[in-house]
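Please keep the sequence and the model in view while reading.

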Amino acid sequence: MLSRVAPWLASHKEDAAPAGISVRTLAGADTAALRRLASQDPVANVFILAHLRAAGSAAPTAGGAGVLGVFDDGILVGACWAGANLVPVQLNPEFAGLVAAAASNSGRRFASAFGPADAVLALHAELAELGHAAHEVRDEQPLMTLCGPPSVEPNADLGLGRLADFDRILPACAAMFEEEVGYSPFLGGKEFYSRRVEGLIRQGHSLAHVNDSGDVVFKAELGAVTADVTQIQGVWMNPGYRGQGLSAGYMAAVVEKARTLAPITSLYVNGFNLRARSTYERVGFRQVGTFATVLF
């Protein structure tokens, strides 16, 4: 199958796909096929599996986000979430040109692409040819998991984020975002990002330590959750409390909270962030793959 796709991509990018190969936006009837595809790697694909768990369908959302599916003679062989971000699902890099063309033709603007490095970097190369310039490419982000209790003592001060602390947690989340990507999440307006943070709190997926002085000392979120896997995101230590050896204990506490929801705890981290990687390894995380993120 793939052998006939690669030569076509190399010389016929403007033409129709080879016989039997097609790309289209998935509908509700494709939900079971998408779930089977994503379940081939429940750690790497936790984002889309969490979406299916919450939405119950592969059909486009009310906001127009959807999933592009690659079919070979009617069989779903790869996919890519196309919303605010592009997230490949079991996408062979040889299909990147097909998916990139479909994504570009949709007219949507994408803030980033993230997921397994080979697929993301192939998408980036194809999108660049279509005029979608990236301002940063993070091509090595270890994907790490912990399939048991943490190796260090959890910090008992970490608890679930509370709506009563929303006005403290939101600025901490925004500070983390700006530190990570270089611009404020409020650039296009505050409402969308605020709703996202509030939703995580209401779901019990926001974790924070707000001390007696009202400082958010540490916070993190369980950004994607299934019955099998949680993915930790948004890890942030208040700059005023850094350098005190607190991170490992807080991360261990995050793992303990995550393990009440699913047996496997996962995260991905920038390869250049050696301090964070060392902390995660101390807690017990081990690398199982490599992600990449492209910021547009």
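Glutamine 90 lies in the loop between strand E4 (85–89) and helix H4 (96–105); here helices (H or I, at least four residues) and strands (E, at least two) are DSSP runs, numbered from the N terminus. The phi angle of glutamine 90 is near 50 degrees, a positive value in a residue other than glycine. With 27% relative accessibility, glutamine 90 counts as partly exposed, given that buried means under 20% relative accessible area, exposed over 50%, and partly exposed in between (1.4 Å probe, protein chains only).

The model is predicted: local features need pLDDT of at least 70, side-chain atom pairs count only at pLDDT 80 or more, and totals for chains, interfaces and linings use all residues. Residues are numbered from 1 along each chain as its sequence is written, and side-chain values use heavy atoms, with hydrogens and water left out.

Aspartate 73 also has a positive phi near 50 degrees in a residue other than glycine. Its place is in the loop between strand E2 (66–72) and E3. Is aspartate 73 buried or exposed? Aspartate 73 counts as exposed, because its relative accessibility is 60%. Strand E3 (residues 75–82) contains valine 77, which is partly exposed with a relative accessible area of 22%.

Strand E1 (residues 21–25) holds threonine 25, a partly exposed residue with a relative accessible area of 42%. Apart from neighbours within four places in sequence, threonine 25 is in contact with Pro60, Val67 and Leu68, where contact means heavy atoms within 4.5 Å. Between the C-alpha atoms of threonine 25 and alanine 79 the distance is 9.3 Å, although the two are 54 residues apart in sequence.

Attention now turns to helix packing. Helix H2 (residues 31–38) and helix H3 (residues 46–55) pack at an angle of about 145 degrees, with their axes 10 Å apart. Such axes are lines fitted to C-alpha atoms, for helices over the stretch in contact, and angles run from 0 to 180 degrees between N-to-C directions. Thr31, Leu34, Arg35 and Ala38 of H2 make the contact together with Ile48, Leu49 and Leu52 of H3. By class, this contact of H2 with H3 has 5 nonpolar, 1 polar and 1 charged residues; Ala, Val, Leu, Ile, Met, Phe, Trp, Tyr, Cys and Pro count as nonpolar, Asp, Glu, Lys and Arg as charged, and the others, Gly among them, as polar.

Within H3, the residues Val46, Ile48, Leu49, Ala50, His51 and Leu52 are buried. The buried residues of H3 pack against H2, E2, E3, E4, E9 and E10. Just after H3, glycine 56 takes a positive phi of about 80 degrees. Alanine 58 is placed in the loop between H3 and E2, and counts as buried because its relative accessibility is 2%. Leaving aside neighbours within four places in sequence, alanine 58 is in contact with Leu26, Ala27, Asp30, Thr31, Leu34, Leu52 and Val67. Alanine 58 and threonine 279 are 221 residues apart in sequence and 37 Å apart in space, C-alpha to C-alpha.

Threonine 279 belongs to helix H9 and counts as buried at 16% relative accessibility. Beyond its neighbours within four places in sequence, threonine 279 is in contact with Ser247, Ala248 and Met251.

Which residues touch the most other members of the largest nonpolar core? They are Val283 and Phe285, out of 26 residues in that core; a nonpolar core is a set of buried Ala, Val, Leu, Ile, Met, Phe, Trp, Tyr and Cys residues joined through side-chain atoms within 4.5 Å. At least two residues of this core come from each of strand E6 (136–146), strand E9 (216–225), strand E10 (229–237), helix H8 (247–258) and helix H9 (274–283). H8 gives the most, with 8 residues. A second, separate core of 23 residues includes Ala100, Ala119, Ala122 and Val294.

The domain assignment, which is automatic or from a database, gives domain 1 (21–134) and domain 2 (146–289). Their contact takes 8 residues from domain 1 and 9 residues from domain 2. The C-alpha centres of domain 1 and domain 2 lie 26 Å apart.
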